[in-house]
Structure formats: structure tokens, C-alpha cells
Amino acid sequence: MKDSTHNTSLPHKIAIAGAGLLGRLLAWQLNKAGLEVSLFEAGSFTPTEPQSKRAAAFTAAGMVAPLSEAVVSDEGVYRMGQFALAHWPHWAARLSADSNTSDPLFFSNGSLVVAHPQDASELEQFVRELHFVIPECRRYEAVNQLQIQTLEPDLSPSFQQGLFLEEEGHLHNREFLRLLGDEIIQSTIHLREHTAVDVAAGKIIANGTAETFDLVIDCRGLGAKTPARQLRGVRGETLHVETSEIRLQRPVRLMHPRYQLYVVPKPGNRFIIGATQIESEDRSPVTLQSSLELSSALYTLSPAFAEARIIEMDTNLRPAFMDNLPRVDIEDGLISANGLFRHGYLLAPAVVENVLAHVFNKPEPIFSALLNRH
Ligand SMILES: Cc1cc2nc3c(=O)[nH]c(=O)nc-3n(C[C@H](O)[C@H](O)[C@H](O)COP(=O)(O)OP(=O)(O)OC[C@H]3O[C@@H](n4cnc5c(N)ncnc54)[C@H](O)[C@@H]3O)c2cc1C
């Protein structure tokens with residue numbers, strides 16, 4: 001992207017409200033493009049405590065799973081997810097290089113969907129739904145017990161059939177956010193944490209005082225909720241466990257008639273197990289029922305998880321519109337990007353590239369038809 005600071009028709013001084021997933025990514029990209037960026041965050045920029053009011057991005061499992069998510073969304077989400085699979089490796093490589101770290105952040109090892117023999121119909125339904133959303137879909141492979149064991153030797157041998165979704169990926173997302181946070185702190189971005197703001201065209205309002213900018217980008221997630229916007233929070237709960245007894249190369253989803261679970265490998269022999277999806281804006285700690293469902297389903301994936309130590313339980317709210325689809329709203333002096341629901345990492349590359357194209361006044365911003373469907 002060319003340096004735009006000398007082009008007077010483009011905005012020069014930009015404010016971003018919200019330093020979660022979208023806010024951080026946009027601040028990073030716009031700062032690299034030479035613009036003057038101020039980033040406002042209501043909470044701490046480096047939140048550590050679960051249950052503190054922090055970005056959903058920190059609770060997310062970091063899966064980039066267009067096929068698995070197509071089943072619960074639509075073909076547009078799938079297409080933006082395909083874009084994400086091509087985009088994340090570049091962002092991850094760039095951040096690693098800039099931060100001088102050799103630890104990989106993005107993994108293209110695919111994902112595995114399994115069901116216990118008595119729940120085989122759940123797998124069949126998954127395939128039917130996949131073909132309903134993407135009629136031409138051939139991007140998965142049915143796998144048998146031997147193939148499952150070859151892919152993931154530590155899974156219980158009781159799984160006799162599954163699906164290997166070879167193209168899917170996952171991120172070490174907390175590490176990504178942490179490194180991106182360090183990069184932002186060391187950059188020329190004006191960072192204002194513990195500053196809850198309101199937004200208007202060309203204005204950021206903090207503590208009753210308005211500050212003027214050429215352009216404001218609203219990335220406050222659920223913090224942008226107003227009665228008129230019909231934004232809602234959808235509760236999700238996760239368990240984090242640690243064990244050296246098990247190794248997984250990729251996310252594994254368990255299809256089950258009552259609850260569906262995924263387990264995503266993380267650095268340091270850790271795993272995130274998630275996630276409940278409850279129509280509630282309650283941010284209180286994980287319920288006993290949810291923890292029982294998540295942990296007993298995990299145990300059936302492999303009895304070796306029985307000795308895993310529970311090191312964290314987390315709850316957060318996914319920002320969603322009524323149609324559960326993402327949106328980029330454009331008006332003079334204000335861009336709002338929101339509604340990433342359960343697909344934040346899956347959709348962020350499409351949303352960020354779309355917003356950047358609007359900022360730089362490109363003729364046909366990518367994915368505009370999909371991000372402006374209301
Ligand atoms: C349990 C769970 C699991 C998930 N797993 C996945 C997954 O595997 N893959 C995937 O793609 N997605 C996943 N997601 C979804 C993903 O986390 C979200 O879609 C994504 O984080 C939304 O990004 P955002 O930037 O819009 O909002 P957020 O990441 O929530 O960031 C919003 C930021 O704005 C700040 N803010 C709010 N109000 C104000 C204000 N008034 N002033 C200033 N700042 C403000 C907040 O403090 C926050 O930092 C998951 C979500 C949950 C809850």
C-alpha cells in the first residue's frame with residue numbers, strides 16, 4: 001500500500017474506537033500506510049484477567065474454519081473465509097518478522113470433524129448442510145478409523161468415521177494479539193486505554209469532550225450497541241486445559257445431538273474447549289452445567305484428557321446483528337465495522353480489506369456486496 005500522507009483528498013488523521021480484533025488490525029495497517037492513527041480502548045489494552053470486560057477476540061478459539069462455519073451461516077461467510085485462509089499467513093508472517101519471533105502463529109493443518117458411532121447421523125447432517133450452503137462443495141474428505149488415528153493418534157480409537165477439512169486453519173490468537181499489541185505500543189499510534197468513547201461523523205467523544213478527526217472507524221463490537229442498531233451479545237463459554245498426555249495437530253470438532261464441542265491446540269500443551277452459544281448478554285462466570293457438558297464431551301474425545309488441569313474458564317459475548325451477518329456501514333466521516341458474531345477471525349481479513357479500500361477511496365472495495373446486505 002502506498003504512502004498516502006501526501007494525498008490531500010484522503011483522510012490523514014484517523015481515530016479508531018475499540019482495540020479488539022478489528023481495531024488492532026486496522027490501527028496496524030493504517031499506521032503502516034503512513035496515516036496518523038489514534039486508538040481508543042474502553043478497557044485495558046493488555047487485559048489479563050478472564051471475566052474482565054475485555055474484547056471477544058481474547059476469548060475466541062482462533063479457528064479459521066470456512067467450511068465448518070458455512071454450515072451455520074451462508075455462502076458469503078464461506079467466501080470471505082476462503083479469503084481469510086489466504087490472508088492470515090501473510091499477516092502472521094509479517095507480525096512474526098516485525099517482532100523477531102520464530103514461533104508460528106498461523107497453522108494450515110486442516111481440521112477434523114468426528115462423531116461417536118451412535119451419532120453418525122450428525123456427521124451425515126453436517127455434510128447435507130454443507131452441500132445445501134455450498135452446492136458444489138468437494139473440499140472435504142470422509143475419513144475412517146485408521147485415517148483418523150493417522151491424523152490424530154491421541155484421539156480415542158472409538159471414532160470410526162469423520163471428515164477431514166484439509167483447508168481449514170487456526171491461529172495462536174492470544175499470541176497474535178499480544179504481539180500486535182506490542183507492535184502498536186512501540187509504533188507512532190496514539191493509544192488511549194481506559195477511555196470509553198462515543199462516536200459521530202469525524203468525532204470521538206470521551207468524557208463529554210469531542211475531538212475532531214478526518215475519519216472515525218467504529219470497531220467497538222458490542223460496545224456500539226444502541227436500541228436502534230439491534231446489535232446483541234451472544235454468550236460463549238470456554239474451558240482452557242493443560243496436559244502433556246495429548247497432542248493434537250489441528251482443531252477437532254465433536255458432533256453430538258445435544259451439544260457440540262471443539263478443541264483447539266494452543267502453545268504450551270494447552271487446549272481451548274468451546275464453546276457454548278447462548279442467547280444471553282450475561283457475562284458472569286461459566287455455569288456448572290456448561291463446564292460439565294464441555295468437560296465430559298472432551299473426555300469422550302480421549303480419556304487421556306481426564307488428567308488435564310483446568311487452568312482457565314472464560315466467558316464473553318459475540319457481537320451479532322439479527323441476521324448474524326457482518327456489516328461495514330459507510331457515511332461521511334464515519335465507518336462502522338461490526339457484527340462478526342462467531343466468525344471474527346474468519347471474517348477479519350475481508351472486513352479489514354474492505355474498510356481499507358474505503359479509506360483509500362479505491363473504486364470497488366472488495367466484498368462490499370456481502371458487507372452491506374441490509
Ligand atoms: C467463546 C468465543 C469463541 C470464539 N471463537 C472464534 C473462533 O474460533 N473463530 C472466529 O473466527 N471467531 C471466534 N469468535 C468470535 C470473535 O471473537 C469475534 O467475532 C471478534 O472478536 C469480534 O471482533 P471485534 O473487533 O468486532 O470486537 P471485539 O474483539 O470484542 O473488540 C471490541 C473492543 O472494543 C472495546 N470497546 C467497547 N466499547 C467501547 C467504547 N465505548 N470505547 C472504546 N472501546 C470500546 C472493547 O473493550 C473491545 O476491546 C469467538 C467468540 C467467542 C465469545
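A nitrogen atom of the ligand is 3.1 Å from a polar backbone atom of Arg342. This is a polar contact, defined as a pair of N or O atoms within 3.5 Å; within protein, one must be able to donate a hydrogen and the other to accept it, and residues adjacent in sequence count only if both atoms are side-chain atoms. The model is predicted: local features need pLDDT of at least 70 and side-chain atom pairs count only at pLDDT 80 or more, while totals for chains, interfaces and linings use all residues. Residues are numbered from 1 along each chain as its sequence is written, and side-chain values use heavy atoms, with hydrogens and water left out.

**The ligand**

Around the ligand there are 36 residues, and those that come nearest are Leu22, Glu41, Ala56, Phe341 and Tyr345. A residue counts as near if one of its heavy atoms lies within 4 Å of the molecule.

| Residue | Ligand atom | Distance |
|---|---|---|
| Ala42 (backbone N or O) | nitrogen | 3.0 Å |
| Arg342 (polar backbone atom) | nitrogen | 3.1 Å |
| Leu346 (polar backbone atom) | oxygen | 3.0 Å |

Phe341 lies in the loop between β20 (334-338) and α9. Helices (H or I, at least four residues) and strands (E, at least two) are DSSP runs, numbered from the N terminus. Phe341 has a relative accessible area of 7%, so it is buried; buried means under 20%, exposed over 50%, and partly exposed in between, with a 1.4 Å probe and protein chains only. The phi of Phe341 is positive, near 50°, although the residue is not a glycine. Most residues other than glycine have a negative phi. His194 also has a positive phi, of about 50°. His194 is found in the loop between β9 (190-192) and β10 (197-200), and is exposed, with a relative accessible area of 57%.

**Helix α4**

Helix α4 covers residues 75-98 and has 24 residues. From first C-alpha to last, α4 reaches 35 Å, close to the 34 Å expected at 1.5 Å a residue; the expected span is 1.5 Å times one less than the number of residues. At His87, α4 bends by about 35°, and Pro89 follows within four residues. The bend is the angle between axes fitted to the seven residues ending there and the seven starting there. After α4 comes Asn100, with a positive phi near 60°.

**Aromatic rings**

The structure holds seven aromatic pairs. Rings of Phe, Tyr and Trp (its six-membered ring) pair if their centres lie within 6.5 Å; planes under 30 degrees apart count as stacked, over 60 as edge-to-face and the rest as tilted. One of the pairs is Phe40 with Phe213, edge-to-face at 6.2 Å centre to centre and 85° between the planes. Phe40 is in strand β2 (residues 36-40) and Phe213 in the loop between β12 (209-212) and β13 (215-218), so this pair ties together parts 173 residues apart in sequence. Both Phe40 and Phe213 are buried. Phe83 and Phe367 have ring centres 5.3 Å apart and planes at 75°, so they too are edge-to-face. Phe83 belongs to helix α4, and Phe367 to the loop between α9 (344-359) and α10 (368-371), 284 residues apart.

**A buried glutamate**

Glu237 is in strand β14 (residues 232-242) and is buried, with a relative accessible area of 0%. Its side chain makes polar contacts with the side chains of Arg235 (2.7 Å) and Ser290 (2.7 Å).
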